[in-house]
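Me: I have a model open and want to go through it with you. Can we take it piece by piece?

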Amino acid sequence: MIAIEVISKTYASARALQQVSFEVQKGELFGLIGPDGAGKTTLFKILVTLLLPDAGKATVAGFDVVKDYKMLRTITGYMPGRFSLYQDLTVGENLQFFASVFGTSIEANYALIADIYTQLEPFKNRRAGNLSGGMKQKLALCCALIHKPEVLFLDEPTTGVDAVSRKEFWEMLGRLKNRGLTILVSTPYMDEAVLCDRIALIQNGTILAIDTPEGITTHFTKPLLAIRGADTYRLIKDLRTAPFTHTCYAFGEYLHLTLKSESVDRTYIEAFLQQKQHRQIEMHPISPTVEDTFMSLMDRQ
Amino acid sequence: MEKVVIADKLTKKFGNFIATNEITFAVDKGEIFGFLGANGAGKTTAMRMLCGLLKPSSGDAKVAGFDVYTQTEKIKERIGYMSQKFSLYEDLTVRENIKFYGGIYGLRLPAIKSKTEYILEKLSLGEVADTLVASLPLGWKQRLAFSIAMLHEPPVVFLDEPTGGVDPITRRQFWDMLYEAASNGTTIFITTHYMDEAEYCNRVSIMVDGRIQALDTPRRLREQYGVESMDGVFQILARGTSTK
Amino acid sequence: MKRFFSFVHKEFLHIFRDKRTLLILFGLPFVQVLLFGFALTNEISYAKIAILDNDKGMHSRKITHRLLSSGYFRLEENLTTYADIEKAFRKGKIKMVVVFPQDFDSEYERSKGAHIQLLADASEQNTAISLVNYASAIIGDYSAAQNPVASSPMMIDVRSRMVFNPELKGAFVFVPGVMAMVLLLVSAMMTSVTIAREKEMGTMEVLSVSPLTQSQIIFGKVLPYLLLSFINGCLIIALGVWVLDMPMNGNLLLLLTETLLFIFLSLSIGIFISTLTDSQLVAMFASLVILLMPTIFLSGFIFPIESMPKPLQVVSNIIPAKYFIAIVKGIMIKGVGIGYLLKETLILLAMAGLFIFMSLRKLKTRSL
C-alpha cells in the first residue's frame, strides 16, 4: 500500500533522511518509532505530498507522491504532529468544515467515525480550544477520517496526551485497522511499539531495523540481565566500570546490564558487586524489549 | 529521615472548583518523588503552591523548612526549578545562560565562573560554550537546564515534565544525572504524565481529580493492583473516575 | 465551489468569534476619523486673538473685519499699547496678537510696503504656525483683492516655513489619510496574520493536503476581508462627508471603485507578507513596519511630502497610500474624473499586479 524506495532528504543545515526504504501492506498498522529529530515528520510530509524528496521514489496506493499528488490527496488522511484544529471553532464546526473541504458531509461517512464521535457528541458545541488533550486528539482523528481515506498518516498522535487517552486512542486505531484501513503512525514512545503489526526504528534519518515488535528484539544479540540494588546510582557507576559490562542503563527500578559475552558467570558478577559492598542485590536474566533493541542498534551505529 | 517537602491537607479552590483537594504527603531528603496525574488532575496547581507561586486556600505545607504561606521568598531562594518548555533562553549562549541564572540566584562572580567551568566540563559542553542554546540538541538542553536548576545547590529541585521526545540513551543520561543528584542528598520532585517515567522514581503519588489516590513505591503499587506496570496502575485509578 | 464557500464561511466564523478584533476593525476608523478630524478643526476655529491697532485706518479695520469673519478667529480684547501685548499673552487666553503700525494706511496707499505684525503663542507650536498661516493667507487675499494687477505690495513681517493646508481644514487631509491607513491595516495585516495563524496551528498543512487548491485557499482568505474593508471604506467616507463636512464633488462610483482597487492592493501585500513568514507575531510586526509606519510618515498623511528631505521624497513614491490619498482628494475635493487620476490608478494597479505575481511565485503547495 505504501512503498518507499531509497528516499533521501537534506535541509539546508542537516540531513533529515538517508536512503530510507520500507513497505507497508494493505490493512497494516505500521509504527515508525524514534525520538524527536529522527526524521519521522520529514518522511510523513513527503508521503502526504507536502514535501519533495531529494532522491528516491515513494508511492501510496500505487500513486507516486511527486507526480500524482492531486489524486493522492483525496485518498489519504493526515493528522500532523500538533492537533491541527481551529481552536475558535466548535467541535461540530471543525468537523463540518473538514468534511466540506473534502467535498463530503458528516452524514455520508458517519459510520466510520461513529465510534469515536459519540464520545465527542456531548461537547459538540464546545470550542476546540477548550477541549482536553485527549478530546482534541479524538476530534483531530475524526477530521482526518471524515473523507473516508484509504491510508491514514498519524504523526505523533499521542504526544502530550495522558496515559488513559493514549490507551483509548490505540484501541481506536485497532478498530480502524479491522475495517481495512492502512495506518502509518509515528511515535517517540517505545512502549507503544507492541501495539503495531510491524515497526521501523528510526534514528538520525536512518532506519535501524524493520520487523514485528516480537521479531525486532532478535536484533539484540548480547546477553541481558536485570539488576537492582539498594543504591541505584552507585550500582550504575560500579557496573559501568566493570570488566564484563558492555552497557548498563537504568530501566525503571532495575538496571539493564548487557554483557560482553555469554561466558560471563553470574556468580562472578555477584562477587564483583559484593566486593564493592552493594546490598540487596537482585539479579535475573531477561529478554530484551523494543527499547533495549533500539539502544543497542543506536550503539552499533 | 529529614523531610524536605511536607504537605498536609493542602487545598486550592478556584471559585467552586477544587483544583487540589486536601493532599497530604512528605518527601525525604535525597528521594526521587514522582508526582503523577493526567492533564488537569491538579499537579500543576499543587506544584505552584509548593514553589511559593500560588497561595493555598487551606492546609499546610513546608518546603525546605519554610512555610508556603509566609516564607515564599525564602522558598524561592532554596528550590531549583526546571520545566521542559521554558527553562533556557534560546537566544543566549550556554555560558550566558549559566551566568544569567547564577546572577539571579545571587552567586558571586568567582562562584559563577567556577560553576560554569564545572558544568561545561561535566556535560562536555566546552566546545559549544559560546554557541546559542537554540542550536543544541534537545538532550543537551535538558541536561544543561537541569545543571542550571542545580546551580545554587538547592536542597530540592522541582522538575515539570522534563524528559519528552529524546532518544532512549539520551533519556537515561538525564536520569543518571538525577540519580547522582539524589545520591548527593538533593530531593527530586518530578511531575510527569508518562507512566514509564514513573518506574524510575523511588516513590510516586498519583493524582486523580484533585486528590492523591495512591502513594507508594512503584513496585508495591504494581503488586497492590496486580498489574505489570505503572501504566496499568494508572489506567485502573484514572479510568473509573474520569474520562475527560 | 461548495468547498470554496465553506472555506469563506469558516473565515467569517473566525472573524465574528473574535470580538476584540471585530471591535478594532470597526471601532478604529470611527475613532481615528473623529479624533483626527475634530482635533484639528477645533484648534483653528474661533481661536482667541487680540488686536493692537495703532492706526485705526480704513485698511486696518477692513482687515480686522476679514480676520474675524473668517470663522477662525475671535476677538478677545482690543489692546492700546505695546506693553499690553505681553500682559495679554501672560493671561494665557489668547493665541495670537495682530499689530497694525501707526501709519499703516498711508504706507499701504503709497505702496511702499506696509507692515503687519503677527505675534503668536509659540508654546503650542503647531497651533501658532497654523494661525499665522491662516492670518497671512487672509491678509494676502485682501491685498490681492485690492490690487488685482500689481504684485502684492503688502509686506508681512512674519517668517515661517509653511505646513500649509490649502483647503484650510484638517479633516480634508486626514479623512483620506485615515482611510488609506485603516484599509491597509485591516486588509493587509489581518490577512497576513490569519494565514500565519493557520501555519502556526498546523491547519495549513491539513488544508494543503486537502483537495482545496492554493488559489481557493488564498481567495477564501481574501474575500471576507475584502468585504469588511469595503464596508469600512464606505463608513469612513460617510463619516467624512456627513460628520466632518467633507465635500463630495466627484463621482461616488469612481471613488468606490478606486477604494476597491486600493483594498485589493492591500490584500495582495498582506498575502505577500504571509508567504514570507510562519508566525503571527512576525506577520504583525512586518505589517506594522512595512505598511503602517511608512503610510503614516511618508504618504503625506501627517507630514507634507514637499517639506521632507529629498531622499524621503523619493522613497514616498513607493508608498501606495500616497497615490490613494491623491485619488481620494482629487475625487472628493477637486471633483475630477478618472482622466486626471489615470497615473495614480495605473500605479496602484501595477503594484497590485507585482505583489500578486511575487506571491504566486513564492507560494507553493509543496516545498523543496
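Reply: First a term: two residues are in contact if their C-beta atoms, placed from the backbone, lie within 7 Å. This is a predicted model, where local features need pLDDT of at least 70, side-chain atom pairs count only at pLDDT 80 or more, and totals for chains, interfaces and linings use all residues. Residues are numbered from 1 along each chain as its sequence is written, and chains are lettered from A and ligands numbered from 1 in the order in which they are written.

Me: How many residues do chain C and chain A put into the contact?

Reply: Chain C gives 22 residues and chain A gives 23 residues.

Me: Which helix of chain C supplies the largest share of the side that touches chain A?

Reply: Helix 1 of chain C, with 8 residues. Helix 1 (2–17) and helix 8 (203–208) of chain C each supply at least two residues there. Helices (H or I, at least four residues) and strands (E, at least two) are DSSP runs, numbered from the N terminus.

Me: And what is that side of chain C made of, by class?

Reply: It has 8 nonpolar, 7 polar and 7 charged residues. Ala, Val, Leu, Ile, Met, Phe, Trp, Tyr, Cys and Pro count as nonpolar, Asp, Glu, Lys and Arg as charged, and the others, Gly among them, as polar.

Me: Switching to chain B. What is its secondary structure?

Reply: Chain B has 9 helices and 10 strands. Its radius of gyration (over C-alpha atoms) is 18 Å, close to the 18 Å from the globule rule (2.2 Å times the number of residues to the power 0.38) for 244 residues, so chain B is as compact as a globular protein of that length.

Me: How much of chain B is buried?

Reply: 43% of the 244 residues, where buried takes 20 or more other C-beta atoms within 10 Å of the residue's own, with C-beta atoms placed from the backbone.

Me: In what order do the strands of the open sheet in chain B run?

Reply: The order is 2-1-4-5, with 4 strands and antiparallel pairing; two strands pair if DSSP finds at least two bridges between them. Strand 2 (17–28) and strand 5 (66–67) of chain B are the edges, each pairing on one side only.

Me: How many bridges join strand 1 to strand 2 of chain B?

Reply: 8, with strand 1 covering residues 3–14. Lys3(B) has Asp28(B) in strand 2 as its bridge partner.

Me: Last one, how far apart are the centres of the two domains of chain C?

Reply: 44 Å, taken over C-alpha atoms. Domain 1 is 2–39 + 168–362 and domain 2 is 45–156, with bounds from an automatic or database domain assignment.

Key: A residue is buried if 20 or more other C-beta atoms lie within 10 Å of its own, exposed if 12 or fewer, and partly exposed in between; C-beta atoms are placed from the backbone.
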